[in-house]
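The tour moves from one selection to the next and says what is found at each stop.

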Amino acid sequence: MQLFLEQMLNGLAIGAIYALITLGLALVYGILRILHVAHAAIYTVGAYAGLAIFSSTHSLALAVIGSMLFCAFLGVLIERFVYYPLLKFPPYVPLIGSIACLLAIEELCRMVAGPYILSFPAELPFPSFTIGGIVISSTLSAVYGISAGVLLLLWIITTKTELGLAMRATSQDMAIASSMGINSHWIISVTFMIGSAVAAIAGILVGIYYNQVYPTMGAVPAYKTLALIVVGGLGSVPGAVLAAVLLGVAETLLIGYAGIPLPRDALAFIAMIAVLLWRPQGLLGGRR
Amino acid sequence: MSDYTITIGTFIAIQAIVACGLNVIVGYAGQISLGHAAFFGIGAYSSALLTTAGGLSFWSALPLVLFITGFIGLVLGLPSLRLKEDFLAITTIGINFIVVSVFLYVPFFGGALGIGGIPRVILFGERLRGTPFLFLCLAFLAAVQLASWLFTRSWSGLACFALREDESAASSMGVSPVRFKLAAFILGTAMAGLGGALYAHFMRFISATDFGFPMSVMILSMVVLGGMGTLWGPVLGALVLGMLPEVFRPLTEYRMFLYAALLLLMIRFQPGGLLGESSFARQIFSRLKGGNQE
Amino acid sequence: MRGLRVSMVALLLLSFFVGVAVAAETVKIGMLAPLTGFAAADGASALNSVRIAVDQVNSKGGILGKKVQLVVYDDRADAKEAVALAYKLIEQDKISAFVAGSYSLPSRAVAPIFQEEKIPLVAAYAIHPDVTKAGEYCFRNGFLGTVEGKAAAYTAHKLLHAKTVALLTSDNDFGRTLVQGFKMYADKYGKDMKIVYEQTYPFTEKDFKPYLSKIKEANPDVIFASGYYFQTGPLLKQARELGIKSKILGEEGADSPKLAEIAGEAAEGFYIVTNFDRDDPRPVVQNFLKEYRKRFKIEPDMVGASAYDGFMIIVDAMQKTKTVSNSTAIRMAISKTTNYDGLTGIIKGFTHIGEVVKPVQVQVVKNGLFRRFGVVDDPELIRP
Amino acid sequence: MLLDVQDLHIAYRDIEAVHGASFSVEEGELVSIIGANGAGKSSILNSLMGLVPPRSGIIRFRGEDISRIPSHVRARMGIRIVPERARVFPRLTVRENLRIGLYGIHEPAKEKERLAWLYELFPILEERGSQDAVTLSGGEQQQLAIARALVSDPKLLLVDEVSMGLMPKLVDQVFEVLQHLNRERGLTILLVEQNALASLEISSRCYVLETGRIQFEGASGVMRDDPRIREAYLGL
Amino acid sequence: MTEILLSLREVSMHFGGLKALDKVSFDLCNGEILGLIGPNGAGKTTCFNTVSGVYRPTSGEIRFGGIRTDGLPPHRMAALGIGRTFQIVRPFPNLSVLDNVIVAMGLPCYRGIIPSCGSWKRQTTRDGAMGLLSKVGLVSLASQKAGLLPLGNLRRLELARALALNPRLLLLDESFSGLRHEEIAMQEELVRKTRESGISILLIEHNMRVAMGLSDRLVVLDHGLKLAEGSPEEIRKNPEVIQAYLGKGGNSNAA
């Protein structure tokens, strides 16, 4: 039982990290219907930018804020330069553009920061707990705390603010939203900024959690998150978050608890195909 | 010709064959497939297993390889009947990841160690390597191009074009979407299987990582950049994208960045492909011809 | 677009001139390393170390009075690229010998080519058995997985006195053969050592808690955790976080200065079996360490050390036979290498299939640095 | 003149749907454009709102040429649309749909007053306030679409086929509301309708559109008995 | 005596709670032009789609030439002899006008594996297609890309495509909408000629002038129900129809 609970806690942490990375992708997909694979590159840049600022200022807060700003800018840059002009083409055209972006940014990171894995020696100011003999380490509680905080903040932004309302309206009917006075291109850019800023947080968090930052750290999330947004229901942000958490727990339990040696990266896609057969609109997706 | 050039040429020829296969699916029938490398891999693995464990020769294994990849292509093409656009795109990515995992985790396929000791192709008693093997690949490429050409001239091909352009209109004209989409999948994946078989017997050992998603993206980029749905587009795309990394070779550490950046620029400014509608090449060509359509 | 085209042409011309300019009396030794892509860090280590070797040789007057020139290309750890580049090295650069500074996949692909062209090949750290099986021209300075696996088992059994062990294996060719070696030893000598847990994990794994929680239950004396430093680093950290007290033993993949950086405190007392002993007092080791730290501002690792030796073994053979072009003679000389004073230890020689015979080093992390813990030199174990 | 349209051409790709429509709306008027389906009515309204770019022609709103400015700027100038088939935001609640109508307007006191007035006009919207709009019936969605357009106090209301798919009783209700808004509140309305007689009843002037061209216009009272209308619709 | 070619018996089509068609029955006789009319949202297009095989009706029975066809997919309907056009034109935009017609000429070849491997680039096929194009007056545009044609030409192209199937029944879905006057006249002429060649026609039309002028009989739908059926004169005088069309205010002035 204790083992099970420990595994659950681990799974939740992995799921929370997946959720942070998937979030931006789901936001972007919801509004532009683009498979934004380069999101994973922004996440990588986020980790590097955070590390660079942290090494020069020794302030984690500054690092997080600076990295978020930088990534927001990068996200908008990709949106304006690559996606927006390619919107009228079939979806694989922006997708190839996106993958080329991912590759170019990965290589750029390597050229700037070097090929070696860098460590991210920051302390996350979170306490550790012991509940009923189960230790929740400070890194684990940091992952919970930060992701819960980010998700909460995002929930507040999307449901309680005028901006969030405009974002949701734009993703549901862009033309009508703009006929209500919403500058939809600006809203698209804002969506990219928010998604990219969250990716920056995810990058820094993962960098600290595993204490490593390296050029290809986005390679696995880049494609796994695609499966997650399908499982969640294309375009549904809560669905993507739910799918991410479920996948984290499922992976952990299957591998660690049940001891089934499964190819972990394929699991997401196997789950995806199962979901598509059972509920083609995804967990929380509505009919379109 | 040096063996270096021959090797590059052989890879380009093999990739062109695979790209032609993808062109049948994406360019002719209008179905998105982002997992084409999976079929490239299935072809390579089935040929490798048939010739090593199965003890067959390349030539007797080849029809089986084409059958196997075509059949699996048929099965995995089934989602294209129900799923549209992005769902289909991501599903095909998923298929690629799952197929690679199967190669990697099922001991029958050699697992992480891959399959080695694949025999060379023997033709007229000669063990083919170097230039003769390149010519073999080029001959197969010619055959694939011929098959593509014949396909575009066949009623099946026309049916696929019609489906690509407008599925409801096509089906109201007696074109069964199921039958012809699957036909395109079978033909396209069988071509990928042929490419895979050639690859296996050229490299003489294979491992799952050769057939991952990045390879699929590479093949799709070849088709898109060359000009989707054109006969020569995939070949041109394979040529350009196959040679670019070699052209950039002197730049060592910087070459992959330049390659990616160039790919990005090409897709950004030439999304219809180098041979596609309104491409620079076409515009220049029509200007040279003195055409004044505009 | 225009500017781009112009610069591309310029680049082509430039590379052409560079190619012509160095055609003088030199000995060319080729090397492939992954300088871009996911394996770029190892490629950089290998290249850095070999550059030191080249400079050391040239500063002493080269080989038989001729300067050594290293021709290196980036293979991205991709077999396809490696094959083409092998031909490029052979035909265009006309190299006399080759250092395989890349992973198993590309090395395995190029070995038969060099064999056919009769060009001696020394693999630095590629571990797939097929590399040397390509023929008599192919040698390996790194350990076979089975050898290192046996040495690891010996270390656990004899040096760490384990009664129970857990095996957590990276799921790639190396990890699999390591476990094979480990079990070979355990079956033969280690009847009193019980394997209480065994599991493989995928290459991309970063989160080991699911496995570690299970291991914690089994509570073994030693955990043999194979994998690269970017895997074992987090693994160590997570193991200590979970309160696992078992000793943890890794392998050469974890031999990187980055390991201690990643794992921090948790790296203390972590053992590895590897082929590079930093506390070796011999001048070849200490000079290399000094030079490397000075030039690259980073600690050297086993990948680099092994590539350095791979290169130096070739140079040594050339000097002994007094030829830089007679590849048969060079090959013979390499195969007859005995008690060579290498960076990675005293190389006792090569077996008839080209596998190196040298002691396996056991290192332990103390104050963030790898220090000597012991040596496995039982010929029973280190002879493949 | 509030709205003045000169020689408007609208094309989708290469297919021209409207070939040179000219018409105008005075402040305080309720004008209808009627015509059978496919005549190009919706295209005209959409291009007034900026959702479809006109191929050529001039759209003047309060004297300013707005034919090239983006939709959201037009919305902020006081043009609002009740789109065909309502097109409410399906996964926003009724209240949120109304708040979208207020986007960019920050006058809390006035907002409250307008919402209260709209809830009085369409009580069902207050009742269903926290439901997702997709759960409303067709008629309720249509009411929501009208309320969403009205909540911002527009200068010009464009109404597109509001009677389509509604029960006859509801059609009457909706038209009554529009008439009330025009007469009592002085709201300028441009109505596009297939239901000719109902829209003639409430409008003061009327344009008859046939196959992308305005065929004739006139005061609604006169037009009602004009045989040409019957001809346009029933092919008599 | 005319025999019945197409018959609908109590055909219903429900989408969720919406009854788009509610127990609609009517017959179409051989050689007849039957008009299907009704105000927007009356269920005409739904009715059409159940006949052409796009939808499987929720209940009811459709027979074509005596064969039960409800639930058959569109390509089977085409093979049985039903050609159709689309309300929103659906050309194959990147194929030439000629090739658009040739697609339909392949109907006999699409059913078997061997015939479908045959070449479509044959002179006889081409001549046949050109013949159809000359019927609709598009010969001069044969090599143009269909996507570049104006609407009027596309409507005629769709007609030529449908005729290339050699159908017994032609379904025309608002194939006059969006056309100019002179184009409408031309199209009407084409439809009449088609009927004279022995092809029966079911048409949906908004333009009442056209529907009344062409049809032998009319079926009026409103809110998914069959409101009336009869000759154009009867329909024109039917007060329910007038109200359905012009709205409530119209009853006092029924002509």
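**Chains**

Keep in mind throughout that this is a predicted model. Colour by chain. Six pairs of chains are in contact, and chains A and B share the most contacts among them. Next, show chain C with chain D: these do not touch, and their nearest C-alpha atoms are 30 Å apart. Chain A and chain E are not joined by any contact either, with 13 Å between their closest C-alpha atoms.

**Aromatic rings in chain B**

Over all chains, a search of the whole structure gives 45 aromatic pairs. Select B:Phe40 and B:Phe211, which form an edge-to-face pair with 5.3 Å from centre to centre and 85° between the planes. Which parts of chain B does this pair tie together? B:Phe40 belongs to helix α2 (residues 36–51) of chain B, and B:Phe211 to the loop between α9 (177–203) and α10 (213–226) of chain B, so the pair ties together parts that are 171 residues apart in sequence. B:Phe40 is buried at 1% relative accessible area, and B:Phe211 is buried with a relative accessible area of 1%.

Now extend the selection to the aromatic cluster that includes this pair: B:Phe11, B:Phe40, B:Tyr45, B:Phe103, B:Phe108, B:Phe109, B:Phe133, B:Tyr199, B:Phe202 and B:Phe211.

**Arginines over rings in chain E**

Move to chain E and select E:Phe86 with E:Arg90. The charged end of E:Arg90 sits over the ring of E:Phe86, 5.6 Å from the ring centre. Then select E:Phe92 and E:Arg161; E:Arg161 lies over the face of E:Phe92, at 4.7 Å from the centre of the ring.

**Salt bridges**

The count of salt bridges over all chains is 42. Start in chain C with C:Lys183 and C:Glu198, whose side chains meet in a salt bridge at 2.7 Å, N to O. C:Lys183 is in helix α7 (residues 173–188) of chain C and C:Glu198 in strand β7 (residues 194–201) of chain C, so this pair links distant parts of the chain, 15 residues apart. Are these two residues buried or partly exposed? C:Lys183 is partly exposed at a relative accessible area of 29%, and C:Glu198 is partly exposed at 42%.

Stay in chain C and select C:Lys258 and C:Glu261, where the salt bridge is 3.6 Å, N to O. Both residues lie in helix α10 (residues 257–263) of chain C, three residues apart, or about one turn of the helix. C:Lys258 is buried, with 7% relative accessible area, whereas C:Glu261 is partly exposed at 37%.

Go back to chain E for E:Glu229 and E:Arg217, which form a salt bridge of 2.6 Å, N to O. E:Glu229 lies in strand β10 (residues 225–230) of chain E and E:Arg217 in strand β9 (residues 217–222) of chain E, so the pair ties together parts 12 residues apart in sequence. E:Glu229 counts as partly exposed at 33% relative accessibility, and E:Arg217 as partly exposed at 22%.

In chain D, select D:Glu107, D:Lys110, D:Arg114 and D:Asp153, which are linked in a network of salt bridges.

**Helix α5 of chain E**

Select residues 123–136 of chain E, helix α5: its 14 residues should span 20 Å at 1.5 Å a residue, and its end C-alpha atoms are 20 Å apart, which agrees. Its buried residues are E:Thr125, E:Ala129, E:Leu132, E:Leu133 and E:Val136. Viewed down the axis of α5(E), the buried residues fall within an arc of 100°, so they line one face of the helix. The face turned away from the buried side carries the exposed residues E:Thr124 and E:Lys135.

To see what the buried residues of α5(E) pack against, show α7 (155–165) of chain B together with α3 (97–105), α6 (151–164) and α7 (181–196) of chain E. Just after α5(E), E:Gly137 has a positive phi of about 80°.

**Helix α9 of chain A**

The last stop is helix α9 (residues 219–232) of chain A, with 14 residues and 21 Å from its first C-alpha to its last, close to the 20 Å expected. This helix is mostly covered, with 12 of its 14 residues buried; among them are A:Tyr223, A:Lys224 and A:Leu228. Just after α9(A), select A:Gly233, which takes a positive phi of about 100°.

Conventions:
Residues are numbered from 1 along each chain as its sequence is written. Chains are lettered from A and ligands numbered from 1 in the order in which they are written. This is a predicted model: local features need pLDDT of at least 70, side-chain atom pairs count only at pLDDT 80 or more; totals for chains, interfaces and linings use all residues. Side-chain values use heavy atoms; hydrogens and water are left out. Contact means heavy atoms within 4.5 Å. Rings of Phe, Tyr and Trp (its six-membered ring) pair if their centres lie within 6.5 Å; planes under 30 degrees apart count as stacked, over 60 as edge-to-face and the rest as tilted. Helices (H or I, at least four residues) and strands (E, at least two) are DSSP runs, numbered from the N terminus. Buried means under 20% relative accessible area, exposed over 50%, partly exposed in between (1.4 Å probe, protein chains only). A charge sits over a ring if NZ of Lys or CZ of Arg is within 6 Å of the ring centre and within 35 degrees of the ring normal. A salt bridge is a side-chain nitrogen of Lys or Arg within 4 Å of a carboxyl oxygen of Asp or Glu. The expected span of a helix is 1.5 Å times one less than its number of residues. The arc is that of the directions from the helix axis to the C-beta atoms.
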